[in-house]
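Dear colleague,

I am handing over the structure we spoke about, and below it you will find an account of what turned up when I went through it. Please read the notes with the coordinates open beside them.

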Amino acid sequence: LDSGKTHEIGKAAPVNLAYASEKKENYLSIVGTATTSQDRQKLNELWSFFAEAWLPEGPDHPDVALIEVTPEDAKLWDGNRSS
């Protein structure tokens with residue numbers, strides 16, 4: 001919770017998530033609202049060796065949180081199709 005990104009989000013913030021598969025030429029853009037969550041059940045469900053590398057204190061540490069995005073709109077582009 002004590003990070004630059006969670007401070008930027010505050011209680012809620014508009015965000016855009018962008019994903020690309022360059023080999024398949026697919027692109028996805030998701031617009032939504034980001035919030036922080038300390039849902040311990042979800043933290044434990046998602047916890048992995050990779051998360052441990054970034055957050056060695058573990059999923060039950062009081063400063064560990066999730067960034068949750070509620071999508072509001074999404075666009076998918078298939079670069080192999082002409083329009």
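This is a predicted model: local features need pLDDT of at least 70, side-chain atom pairs count only at pLDDT 80 or more; totals for chains, interfaces and linings use all residues.

**The chain as a whole**

The protein chain holds 3 helices and 3 strands, and when it is read along the sequence these follow the pattern α-β-β-α-α-β. Its radius of gyration is 16 Å, well over the 12 Å that the globule rule gives for 83 residues, so the chain is more spread out than a compact globule. Along the principal axes, the C-alpha trace spans about 50 × 30 × 20 Å. Of the 83 residues, 16% count as buried, and the accessible surface comes to about 6600 Å², with 55% of that area belonging to carbon and sulfur atoms. As for the contacts between residues at least 6 apart in sequence, 59% of them join residues that are at least 24 apart.

**Salt bridges**

- In helix α1, Lys5 and Glu8 sit 3 residues apart, about one turn of the helix, and they form a salt bridge whose closest N and O atoms are 3.0 Å apart. Lys5 is partly exposed because its relative accessible area is 46%, whereas Glu8, at 56%, counts as exposed.
- In helix α2, which covers residues 40-46, Lys42 and Glu45 are likewise placed 3 residues apart, about one turn of the helix, and their side chains meet in a salt bridge at 3.2 Å, N to O. Lys42 has a relative accessible area of 34% and is therefore partly exposed, while Glu45 is exposed, with a value of 54%.

Which backbone oxygens does the side chain of Thr6 reach? The side chain of Thr6 reaches the backbone oxygen of Leu1 at 2.6 Å and the backbone oxygen of Ser3 at 3.1 Å. Thr6 lies in helix α1, which runs over residues 4-9, and it counts as buried because its relative accessibility, at 12%, falls under the 20% cut-off. Once residues up to four places away in sequence are set aside, Thr6 touches Leu1 and Thr36.

Ser29 has its place in strand β2, and at 15% relative accessibility this residue, too, counts as buried. The side chains of Ser29 and Asn16 are joined by a polar contact of 2.9 Å.

**A positive phi in a loop**

What is the phi of Glu25? The angle is near 55 degrees, a positive value in a residue other than glycine. Glu25 is found in the loop between β1 (13-21) and β2 (26-37), and with a relative accessible area of 33% it is partly exposed.

**An aromatic pair**

The count of aromatic pairs comes to 1. The pair is formed by Phe49 and Phe50, whose rings are edge-to-face, with 5.8 Å from centre to centre and 75 degrees between the planes. Both Phe49 and Phe50 are exposed.

Key:
Residues are numbered from 1 along each chain as its sequence is written. Side-chain values use heavy atoms; hydrogens and water are left out. Rings of Phe, Tyr and Trp (its six-membered ring) pair if their centres lie within 6.5 Å; planes under 30 degrees apart count as stacked, over 60 as edge-to-face and the rest as tilted. Buried means under 20% relative accessible area, exposed over 50%, partly exposed in between (1.4 Å probe, protein chains only). Helices (H or I, at least four residues) and strands (E, at least two) are DSSP runs, numbered from the N terminus. A polar contact is a pair of N or O atoms within 3.5 Å; within protein, one must be able to donate a hydrogen and the other to accept it, and residues adjacent in sequence count only if both atoms are side-chain atoms. Contact means heavy atoms within 4.5 Å. A salt bridge is a side-chain nitrogen of Lys or Arg within 4 Å of a carboxyl oxygen of Asp or Glu. The radius of gyration is taken over C-alpha atoms; the globule rule is 2.2 Å times the number of residues to the power 0.38. Accessible areas come from the Shrake-Rupley method with a 1.4 Å probe; for residues, only the protein chains shown count as cover.
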